Amino acid sequence: MNYDFLSFYTIFIFGLIIGSFLNVVIFRLPNNMNIDSNNSESKTNVDSDFVGTIWWGRSKCPHCKAVISIKHNIPILSYIFLKGKCSDCQNEISIQYLIVELLTAICFCFLLYISTNVTQLAFIAIFSAFLISLTMIDINKMILPDQLTLTLLWIGLLANTDGLFIDLEHAVMGAVLGYCILWSVFWLFKLLTGKNGMGYGDFKLLAALGAWLGWQSIPSILLVASIMGITYGIFMKVKTSLIKNEFAFGPFLAIAGWVTMITKINDTFYFPHLSLIF
Ligand SMILES: [Zn+2]
């Protein structure tokens with residue numbers, strides 16, 4: 001795609017603003033989820049001071065609940081200016097805010113570089129933004145909210161009505177296979193060990209990835225995510241004396257899905273070993 005320094009600069013700033021919004025979603029969405037006793041996702045720790053709406057209301061400091069002023073709410077600059085501390089209570093502001101803003105901005109610039117047209121760019125930017133939010137929420141709270149996974153699935157099908165990434169037929173099959181495959185693994189594991197190996201959110205996330213990338217991508221996404229997950233699990237067990245029983249699988253699915261998308265739209269980043277396996 002045609003790009004110049006100005007468009008890179010513009011999209012970087014745009015990425016920072018979107019990243020700032022994603023921080024709001026990451027922080028507020030888990031506190032606004034319906035607590036349904038039948039829902040496996042209901043184990044979230046809800047902070048009652050922050051229950052409200054996602055879309056309006058000013059951001060508050062998680063420690064002293066002071067409303068954050070507009071001049072202290074500018075992406076990156078405010079964090080640096082405040083030296084990572086709340087202007088009221090001097091408690092530390094999580095570095096996660098800065099990471100999400102920078103990650104989104106850098107990711108958007110990279111997408112501008114690799115995408116071939118504006119429609120494709122818009123859709124993969126949305127795809128990436130959803131995956132960043134889901135990854136951070138899963139790391140923080142061990143949940144993947146339906147509001148994000150299911151919406152991501154519908155947008156994937158919408159993008160593929162015109163075959164933007166894959167034929168619609170393959171996209172629908174991808175969504176079905178993605179859900180069913182992890183659902184089967186979940187029940188097999190539960191029958192054998194009596195434990196919950198993963199959450200329903202993971203099925204929905206893989207279904208969403210299938211809707212974007214087609215059923216053909218499901219095996220490689222699952223393989224790459226599992227290898228990363230197992231490696232991480234072993235690493236955590238060796239490193240920490242405390243044996244951590246569970247960790248979020250969503251981030252590994254998200255990373256594997258994102259890499260698959262990048263390889264799909266850009267031959268330069270094609271990983272041949274995946275096609276050799278499948
Ligand atoms: Zn504060």
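Trainee: Okay, is the crossing of α5 and α7 left-handed or right-handed?
Mentor: The α5 and α7 crossing is left-handed. Keep in mind that this is a predicted model.

Trainee: What's the angle between α5 and α7, and how far apart are their axes?
Mentor: They pack at about 15 degrees, and the axes are 7 Å apart. Angles under 35 degrees count as roughly parallel, so α5 and α7 are roughly parallel to each other.

Trainee: Which residues meet there?
Mentor: On the α5 side you've got several, including Leu150, Leu153 and Leu157. Among those they meet in α7 are Leu205, Ala208 and Trp212. By type, the residues of this contact split into 10 nonpolar, 3 polar and 2 charged.

Trainee: Switching topic: where is confidence highest and where is it lowest?
Mentor: Helix α5, residues 146–159, has the highest, with a mean pLDDT of 97. The lowest is helix α10, residues 272–277, with a mean of 48. Over residues 272–278 the pLDDT is below 50, and that stretch has 5 contacts in the model beyond near neighbours in sequence.

Trainee: And what's the average for the protein?
Mentor: The average pLDDT is 85, and 84% of the residues score at least 70.

Trainee: Last one: why does leucine 222 count as partly exposed?
Mentor: Because it has 19 C-beta neighbours inside 10 Å, and buried would take 20 or more. Leucine 222 sits in helix α8, residues 218–239.

Technical notes. Residues are numbered from 1 along each chain as its sequence is written. This is a predicted model: local features need pLDDT of at least 70, side-chain atom pairs count only at pLDDT 80 or more; totals for chains, interfaces and linings use all residues. Helices (H or I, at least four residues) and strands (E, at least two) are DSSP runs, numbered from the N terminus. A residue is buried if 20 or more other C-beta atoms lie within 10 Å of its own, exposed if 12 or fewer, and partly exposed in between; C-beta atoms are placed from the backbone. pLDDT is the predictor's confidence in each residue, from 0 to 100. Two residues are in contact if their C-beta atoms, placed from the backbone, lie within 7 Å. Axes are lines fitted to C-alpha atoms, for helices over the stretch in contact, and angles run from 0 to 180 degrees between N-to-C directions. Angles under 35 degrees count as roughly parallel, over 145 as roughly antiparallel, 65 to 115 as roughly perpendicular and the rest as oblique. A crossing is left-handed if the near helix is turned anticlockwise from the far one by less than a right angle, and right-handed if clockwise. Ala, Val, Leu, Ile, Met, Phe, Trp, Tyr, Cys and Pro count as nonpolar, Asp, Glu, Lys and Arg as charged, and the others, Gly among them, as polar.
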